[in-house]
Amino acid sequence: MTNTPKRHCVNHFATKNIQIAGFLVLLTAAIATAGFIQSQDRTFKYPIHDMARPQPTIVTPGPVCASSAPSDAIVLFDGKDLSAWTKAGSDAPAGWSVKDGLFTVVAGSGNIATRQSFGDCQFHIEWMVPTELKCKSQQGSNSGLYFHSRYELQILNSAGNVTYADGMAGSLYGQYPPMVNPCRPQGEWNTYDVVYRGPRFDASAGIVRTATVTLFFNGILVQDDVEILGATAHGAHATYSSHPETGPIMLQDHGDPLKFRNIWIRPLGNPQVAE
Ligand code: MG
């Protein structure tokens with residue numbers, strides 16, 4: 001009788017110790033797992049914007065070919081007006097200038113975005129850096145094409161203008177340099193043909209499918225179905241935050257008067273599966 005409380009006390013103490021030990025084991029495992037995932041997701045060979053990252057090989061593209069919109073495309077700019085676009089984040093008209101069948105960034109007027117929202121798509125755009133612009137690294141010729149207004153394919157003069165490889169034309173900014181560099185010189189038109197697949201999130205905002213992008217730059221493959229690591233960030237690792245399946249496509253006002261023309265899009269259904 002006299003031992004019972006003591007035994008009970010010892011057993012209780014032992015049980016508590018086991019619980020604490022178990023908790024510590026689980027905690028250690030969780031930390032180790034988190035560290036593993038962290039390193040799996042975020043260990044890269046080169047730091048972001050590393051000038052030592054090798055520059056892609058220069059490739060001379062073929063002649064400029066006309067790329068008229070196919071019959072099932074939604075034309076986002078046909079040379080006449082920017083009615084398909086707004087000042088990004090508002091219903092205000094896009095403040096960029098339209099003239100002679102093309103439009104030009106008006107520095108300081110803000111980014112512009114498609115009035116309509118898009119998700120998975122095939123996208124075509126043509127851009128040109130005027131000859132009079134002075135380009136130095138990221139300055140003087142910078143714009144960008146953002147899917148979901150978040151994920152940037154860089155637009156920049158990369159013909160004779162060296163910058164960090166993950167920030168040059170054809171890069172997924174801060175993430176993937178282009179596989180090669182087919183950028184045409186200032187005063188000539190460049191084309192981007194993109195296949196973009198947006199991310200998917202579950203009801204609790206967890207990511208269930210990362211976004212992917214394929215880019216043909218002047219007809220040459222420079223991004224091959226790469227997995228987007230998250231929303232574009234400058235000098236920081238990209239992360240995802242939940243957003244709807246469709247959203248506006250945005251063009252960047254980085255203060256440089258780049259020119260654009262011939263923009264069209266074909267929204268895509270889900271990827272095909274064998275039947
Ligand atoms: Mg940019």
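A: A residue is called buried when its relative accessible area is under 20%, exposed when it is over 50%, and partly exposed in between, with a 1.4 Å probe and protein chains only. This is a predicted model, in which local features need pLDDT of at least 70 and side-chain atom pairs count only at pLDDT 80 or more, while totals for chains, interfaces and linings use all residues. Residues are numbered from 1 along each chain as its sequence is written, and side-chain values use heavy atoms, with hydrogens and water left out.

Side chains of opposite charge can pair when their charged atoms come close. A salt bridge here is a side-chain nitrogen of Lys or Arg within 4 Å of a carboxyl oxygen of Asp or Glu, and by this rule the count comes to eight salt bridges. Helices (H or I, at least four residues) and strands (E, at least two) are DSSP runs, numbered from the N terminus.

One of these pairs is Arg 261 with Glu 126, whose closest N and O atoms are 2.7 Å apart. Because Arg 261 belongs to strand S17 (residues 259-267) and Glu 126 to strand S7, the pair ties together parts that are 135 residues apart in sequence. Glu 126 counts as buried, at 4% relative accessibility, whereas Arg 261 is partly exposed, with a relative accessible area of 25%. Elsewhere, salt bridges that share partners join Asp 120, Arg 197, Arg 200, Arg 209 and Glu 245 into one network.

Another salt bridge links Arg 53 and Asp 166, where the closest N and O atoms are 3.8 Å apart. Arg 53 sits in the loop between helix H1 (3-42) and strand S1 (57-58), and Asp 166 in the loop between strand S9 (151-155) and strand S10 (180-181), so this pair ties together parts that are 113 residues apart in sequence. Arg 53 and Asp 166 are both buried.

Asp 78 and Lys 80 also form a salt bridge, with 3.7 Å between the closest N and O atoms. Here Asp 78 is partly exposed, at a relative accessible area of 47%, and Lys 80 is exposed, at 64%.

Pro 130 is buried, its relative accessible area being 5%. Leaving aside neighbours within four places in sequence, Pro 130 is in contact (heavy atoms within 4.5 Å) with Gln 186, Gly 187, Pro 257, Leu 258 and Lys 259. Pro 130 and Gly 187 are 57 residues apart in sequence, yet 4.8 Å apart in space, C-alpha to C-alpha.
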